[in-house]
Amino acid sequence: MTEHEASASAAPELFTWEFATDPYPAYAWLREHAPVHRTRLPSGVEAWLVTRYADAKQTLADQRLSKNPAHHDEPAHAKGRTGIPGERKAELMTHLLNIDPPDHTRLRRLVSKAFTPRRVAEFAPRVQELTDQLIAGFAARGSADLIHEFAFPLPIYAICDLLGVPREDQDDFRDWAGMMIRHGGGPRGGVARSVKKMRGYLAELIHRKREALTAEPGPGEDLISGLIRASDHGEHLTENEAAAMAFILLFAGFETTVNLIGNGMHALLTHPGQRALLQASLAAGESGLLETGVEELLRYDGPVELATWRFATEDVRIGGQDIAAGDPVLVVLAAADRDPERFQDPDTLDLSRRDLQHLGYGHGIHYCLGAPLARLEGQTALGTLLERLPDIQLAGESADLRWRGGLIMRGLRTLPVEFTPVK
Ligand code: HEM
C-alpha cells in the first residue's frame, strides 16, 4: 500500500459479490486515492489496476507494455494457474490480443482486409432478420429472459453467419459458447473441451473452404473465405493463423455483445426518463439518439470492465507509480469511463451526451476490430426491442439481479422482463 493509500479511508474490498453487482463506488475510491493500485486478483496473481481516464488512455497506447504473456514475470508456483490467457493454450497464442508488433501489425492488416466496414454494413439486413426472429420467439408470451432468449443467441448466430459457419452447425456453436460463458471462471474441463471442439471445427471448416476456393476461385462471400484470400505484399494467413483469427473474432465478439445488449437494456429499463426520450425519437423515425445512446450505454456500463492483460517489458512509470518489468497491468475501462476529470456528471446516463470519447472499445493498436459490428448489433437489438415491445419492463427488482463475477467482462446472468404480449 502506498503512503497516499494508507492515509485515506480504508480501501474497498474488490472482487466480492457486492463489487460484482456495483463496482462503481470502489472505482471512484481507487481513482481518487489509489489511481494505480496493486492488488491480488482472485486467481492469486498480483496486478496493477489503472483507473483514471488519462492514465488509462496512455497505458493502452504504451508500446512498452506487451500483450504477450511470455513477458509476465510469473512466480513459478503459479505457473499455468493464473487465468492469463495463452499460458495453457499455446495453439491460440497467435491471435491479435496476445501479440505485439510487428506480428500484430501484419495480422491486423490482413484481417482488416477481410473484415471491412462495408462487409459489416451489408450484413445489416441479416442482423435485423435475426433480431426479429428472436423477438418473435417470445413476443406472444408477454415475458422473457432477455439474456438467454435474446442477448445470448443474437451475437453467436450473427458471427457464425458472418464467418460462413453453415446454419445446420450453428447450434453446436451456441452450445460451446454457452459452456464458455456459463463457466468462464469456473470448471476448466467443460470450457477446455468446448474450446477444443470449436477450434477443431474451425480448422476443418477453414481447410474445406480453402480447398473449395482452390478448386473454384470465386468471390466467396463469407469472412473465412475472405481471411483465406486476404494477402498483404504476397503474404497470406496460414491455416493455423486463420483458425486462431476466426476463434478470436468469435471469442472477442460474442460475450461482449451479449453484455452490451444486456447491460444496455438494464440501464434503459432503470432510467425511465432516458428510455422515454429514446422511444419518442424512434417513433419519430430518427436514428441519431439511438446511435449516441448506444455509445453512452457503453460508457455508462460497458461490457468490458477491464481491458485484457498487458505486461511491462521494462520498468515504467504510470500516473506517478513505478511499475517493474514483468508486472501485469490491467486498465479498468469501466473506471476510466466514469472519471469526472474527463466526463461531466459521469454517473449520469445521458443518451444525448456529446463528450463521448469513451474507452469502451479500447484505444491504440488493439482498438476493437469489431466495433462497427458491435454498434450495428447493439443499435438493432435495443432499438427493435423498444419499438416492438413498447411497455417492456423489468420483472422484479434491479437490486435482485445477479451479475457474473468474471474479471474482464461485466454482465448479467439473467434479465427477466415483462410486457403486453404481441402477436
Ligand atoms: C479488441 C471491446 C465487440 C473483435 C477489443 C478491445 C476492447 C473491445 C476494449 C481492446 C482490448 C485491449 O486493448 O486489451 C468490445 C466491446 C464490444 C466488442 C465493448 C461489444 C460491445 C467485438 C466484436 C468483434 C470484436 C463484435 C468481432 C466480431 C475484437 C478483436 C479485438 C478486439 C478481434 C482485438 C483487436 C486487436 O488486438 O488488434 N474489443 N468489443 N469485438 N475486439 Fe472487441
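**Close-up 1. The five-stranded open sheet, ordered β1-β2-β10-β7-β3.** Pairing in this sheet is mixed; two strands pair if DSSP finds at least two bridges between them. Helices (H or I, at least four residues) and strands (E, at least two) are DSSP runs, numbered from the N terminus. The edges are taken by β1 and β3, each with a single partner strand, so one side of each has no neighbour in the sheet. This is a predicted model, in which local features need pLDDT of at least 70, side-chain atom pairs count only at pLDDT 80 or more, and totals for chains, interfaces and linings use all residues. Residues are numbered from 1 along each chain as its sequence is written.

**Close-up 2. The hairpin of β1 and β2, with helix α4 across the sheet strands.** Strand β1 (residues 36-40) pairs with strand β2 (residues 46-50) in the antiparallel sense over five bridges. Arg38 has Trp48 in β2 as its bridge partner. Five residues stand between the two strands of the hairpin, and Gly44 in the turn has a positive phi of about 100 degrees. Helix α4 (residues 53-60) lies across β1, β2, β3 and β10 (328-331) and runs at about 125 degrees to β10. Axes are lines fitted to C-alpha atoms, for helices over the stretch in contact, and angles run from 0 to 180 degrees between N-to-C directions. Two residues are in contact if their C-beta atoms, placed from the backbone, lie within 7 Å.

**Close-up 3. The three-stranded open sheet, ordered β4-β12-β11.** Its pairing is antiparallel. β4 (143-145) and β11 are the edge strands, each pairing on one side only. Between β11 and β12 the antiparallel pairing covers two bridges, and Leu394 has Val417 in β12 as its bridge partner. The loop between β11 (393-394) and β12 (416-418) holds Arg413. Arg413 counts as partly exposed because it has 15 C-beta neighbours inside 10 Å; a residue is buried if 20 or more other C-beta atoms lie within 10 Å of its own, exposed if 12 or fewer, and partly exposed in between, with C-beta atoms placed from the backbone. Apart from neighbours within four places in sequence, Arg413 is in contact with Ile147, Arg402, Trp403 and Arg404. Arg413 and Arg199 are 214 residues apart along the chain, and their C-alpha atoms are separated by 26 Å.

**Close-up 4. The packing of α13 against α15.** Helix α15 (residues 288-301) packs on α13 at an angle of about 90 degrees, the axes being 10 Å apart. α13 is therefore roughly perpendicular to α15, a term for angles of 65 to 115 degrees. From α13, Leu260, Asn263, Gly264 and Ala267 meet Val294, Leu297, Leu298, Tyr300 and Asp301 of α15. By class, this contact has six nonpolar, two polar and one charged residues. Ala, Val, Leu, Ile, Met, Phe, Trp, Tyr, Cys and Pro count as nonpolar, Asp, Glu, Lys and Arg as charged, and the others, Gly among them, as polar.

**Close-up 5. Thr292 in helix α15.** Thr292 is partly exposed, with 16 other C-beta atoms within 10 Å. Leaving out neighbours within four places in sequence, the contacts of Thr292 are Leu351, Ser352, Arg353 and Leu356. Leu351 is 59 residues from Thr292 along the chain, yet the two C-alpha atoms are separated by 6.2 Å.

**Close-up 6. The shell of 27 residues around the ligand.** Gly253, Gly362, Cys368, Gly370 and Ala374 come nearest to the ligand. The elements giving two or more residues to the shell are α13 (239-269) and α17 (371-388). α13 gives the most, with seven residues. By class, the shell divides into 17 nonpolar, nine polar and one charged. A residue is near a molecule if its C-beta atom, placed from the backbone, lies within 6 Å of it.

Close-up 7. Most residues other than glycine have a negative phi, and most peptide bonds are trans. Phe15 is partly exposed, with 15 other C-beta atoms within 10 Å. Asp345 is exposed, with 9 other C-beta atoms within 10 Å.

Terms used: Parallel < 35°, antiparallel > 145°, perpendicular 65-115°, else oblique.
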